[in-house]
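Please have the sequence and the picture in view.

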Amino acid sequence: MVMEIVCPAGTPAALRAAVKAGAHTVYCGFNDETNARNFPGLNFNRAEMRDAVAFAHRHGSKVLVAINTFPRAGDEAIWHCAVADAESSGVDAVILADLGLLDYTARAHPGLRRHLSVQAAAANADVINFYADTFGVKRVVLPRVLSVPEIAAINAETEVETEVFVFGGLCVMAEGRCSLSSYATGLSPNMNGVCSPASHVDYTEDQGVLDARLGGYLIHRVNKGEPAPYPTLCKGCFTASDKTGHLFEDPVSLNAEQLIPQLQKAGVTALKIEGRQRSKSYVAQVVQNFRAAVDALEAGRSMPEGMLARLSEGQAMTTGAYKKTWR
Amino acid sequence: MSEPQIPIPHCPAPLAAALRVLPLAPLSLSLTMFSRKIARNNPGLFQRLGAYARADFVLDPVDLPIVLCLSPDNGRPKVILTRGRGDGVARISGPLAALLGLVHGAFDGDALFFSRDLVVEGDTGAALALRNAVDDAELDLAQEAAAFAGPFSRPVQQLVALAERQTGLCLTRPEDATIW
């Protein structure tokens, strides 16, 4: 069975581009704090979501809605409303992270398929089986910190479908638990849906030297001609114990394209592309590339050589934890 | 890993030379009227700007001797060309071809930024909102210009097509490739 390509869409135009480019499935979010890409100018209002789902279904693609932030006590209605509106829009599944919201959705919308967001940081078979047994979760998006053998071991111990990231921004933290951005900006990826929010990002260039700041803190300084980074703290350049370098991770993007055959052997169901904050041009190029790859795999052909480096942060790519020994 | 660069055409030198001497006030007025026509055809663009629908932006084509100051004014935009630096909450600088390619969805804004073909200064959130709103609007400036030209629609289309072939600038929106 061909592996499912799950593509990002930050706007209706990006969703249409993804579908036309061959996405089996597109994931997106409402234009509020219920999803983890709550950025200016992004996401879907309710009418746009209904139209987008209808468009995708006409073309044979599925739509998943990420409602994957953690509700504030007392304001749960915002998240409950998002789940109800997703179901009435005809979406194929919702992607959830919060235990309370999973419980609510399982009880109030039992017919709505539930996926577990990477924001839940479910990284072993025991916890995945707990989510399946307790809340009827059918698929889990695995954190980007597992090796291929670890993924295979998980799949051997669970019936829950697994979805793994294969391209895009590389989060190396325990997602849904990370507070680095909150320390610098006061805004949280987990509660407000914004990691390193653009409103707190500042770039200044002087004689070719580019400084990138987050919340006033200098995160990167690059010289003329060097690729520009986005100032996320986990990929920042720090000085500690007389050593200066990227303490957690380099400003690079994940590209596991050439590992797709291994991921298939490991029992992975779906391949996820990160980048709801990116343009429709990015979406179309990446989707075409990965659709060609999984179709080649299915047909027994060799994997095509990708041309995605220029779309990547730092214009450099890594296979991340899939083949990496952590520092 | 290799780092393939995005091929960005150069702005034609005669255009830059002309903009050094042409009076900017009538050009600004024409662009304001043109942008209002676009606004009427694409109201969703301004809704998507959200909190930044009344912010002022500076668009700086670095290969031209002018900058474009854009005030969306919540759907009643105003455009002022100036030979100074301009004033706005956010400034987006890059070759004219890159800026036009962004408008038409031919380029990815982040990729242009990573490669430093595009420079963002000021309120990054505002710049991001504008980028996302324009990306979603799926604008085609050639089509908008043809419609704006009324009875001269056909010659305008032909002129734009000729200019696109001669300069390599992205003056129309490429069709999405439907491959499956």
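This is a predicted model: local features need pLDDT of at least 70, side-chain atom pairs count only at pLDDT 80 or more; totals for chains, interfaces and linings use all residues.

**Chain A, then chain B**

In chain A, strand E3(A), helix H3 (residues 76-89) and strand E4 (residues 93-96) make a right-handed β-α-β unit, where right-handed means that, with the strands pointing away from the viewer, the path from the first strand over the helix to the second runs clockwise. Helices (H or I, at least four residues) and strands (E, at least two) are DSSP runs, numbered from the N terminus.

Residues are numbered from 1 along each chain as its sequence is written, and chains are lettered from A and ligands numbered from 1 in the order in which they are written.

To return to E3(A), this strand pairs with E4(A) in the parallel sense over four bridges, two strands being paired if DSSP finds at least two bridges between them, and Leu64(A) has Ala93(A) in E4(A) as its bridge partner. Four bridges also join E3(A) to strand E2 (residues 25-28) of chain A, again in parallel, with Cys28(A) partnered by Val65(A). E2(A), helix H2 (residues 46-58) of chain A and E3(A) make another right-handed β-α-β unit.

How many of the six residues of strand E3 (residues 62-67) of chain A are buried? Five are, so the strand is largely enclosed by the rest of the structure; buried here means that 20 or more other C-beta atoms, placed from the backbone, lie within 10 Å of the residue's own. Over chain A as a whole, 54% of the 327 residues count as buried, and the chain holds nine helices and 15 strands.

Turning to chain B, we find an open sheet of five strands in the order E3-E2-E1-E4-E5, with mixed pairing. Its edge strands are E3 (78-82) and E5 (119-122) of chain B, each of which pairs on one side only. Strand E1 (residues 57-61) of chain B runs antiparallel to strand E2 (residues 67-71) of chain B, and three bridges join them, with Leu59(B) standing opposite Leu68(B).

Finally, helix H8 (residues 153-167) of chain B has 15 residues, and the residue that follows H8(B) is Gly168(B), whose phi is positive, near 80°.

How values were computed. A residue is buried if 20 or more other C-beta atoms lie within 10 Å of its own, exposed if 12 or fewer, and partly exposed in between; C-beta atoms are placed from the backbone. The expected span of a helix is 1.5 Å times one less than its number of residues.
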